[in-house]
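Let's take a walk through a protein together, one piece at a time. Keep the sequence and the 3D view side by side as you read.

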Amino acid sequence: MHVNPFIRAGTLVVLCLSAVSFSAADKPGKLDGFARCLGEKKAAMYGAFYCEHCKEQKDLFGDSAQYLPYVECVEKGTRKITEECKALGIRKTPTWIFENDRIEGKVLSLQELSQKSGCRLP
């Protein structure tokens, strides 16, 4: 059976690209452990989906942001504040709450988060 060499080459390229994308997706992020540690230390970031500073804070973590102890303070599809955030008096976002401290309306550096939480940076 004779297969067109262009089809064979195209198939090979697709297979190689698929393998690369799957291996990259399985690779842990540099800050996965740090982000998880924040949650273990009972730190939490309260934010809103439309908050640019919240996005900036999450962006510091790259792919590891998925492990951040993040609480959305706005009900889906609305701009209504959730009961949890009302009860905590969240007025500015992002707000970080640590065991013995609270910082409102400020993007914290990774070093600041490390100092406040006791979690070590990699």
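## From one bridge to the whole fold

Two strands count as paired when DSSP finds at least two bridges between them.

A word on what you are looking at: this is a predicted model, where local features need pLDDT of at least 70, side-chain atom pairs count only at pLDDT 80 or more, and totals for chains, interfaces and linings use all residues. Residues are numbered from 1 along each chain as its sequence is written, and side-chain values use heavy atoms, with hydrogens and water left out.

Now widen the view. The protein has five helices and four strands, following the pattern α-α-β-α-β-α-β-β-α along the sequence. Helices (H or I, at least four residues) and strands (E, at least two) are DSSP runs, numbered from the N terminus.

The four strands form an open sheet with mixed pairing, in the order β2-β1-β3-β4. At its edges sit β2 (70-72) and β4 (101-104), each pairing on one side only. On average, neighbouring strands of this sheet are turned by 20° against each other, direction ignored. Helix α5 (residues 110-117) packs on the sheet, where it touches β3 (95-98) and β4, and its direction makes about 30° with that of β3. Here, contact means heavy atoms within 4.5 Å, while axes are lines fitted to C-alpha atoms, for helices over the stretch in contact, with angles from 0 to 180 degrees between N-to-C directions.

Which residues of helix α2 (residues 32-40) are buried? They are Asp32, Phe34, Ala35, Cys37 and Leu38. Buried means under 20% relative accessible area, exposed over 50%, and partly exposed in between (1.4 Å probe, protein chains only). The cover over these α2 residues includes β3 and α5. Just after α2, Lys42 takes a positive phi of about 70°. Across the protein, buried residues make up 30% of the 122 residues.

Finally, how far can you trust the picture? The average pLDDT, the predictor's confidence in each residue from 0 to 100, is 86, and 79% of the residues score at least 70. Over residues 9-24, however, pLDDT stays under 50, and the model has zero contacts beyond four places in sequence for them. Where pLDDT is low, the predicted coordinates should not be read in detail.
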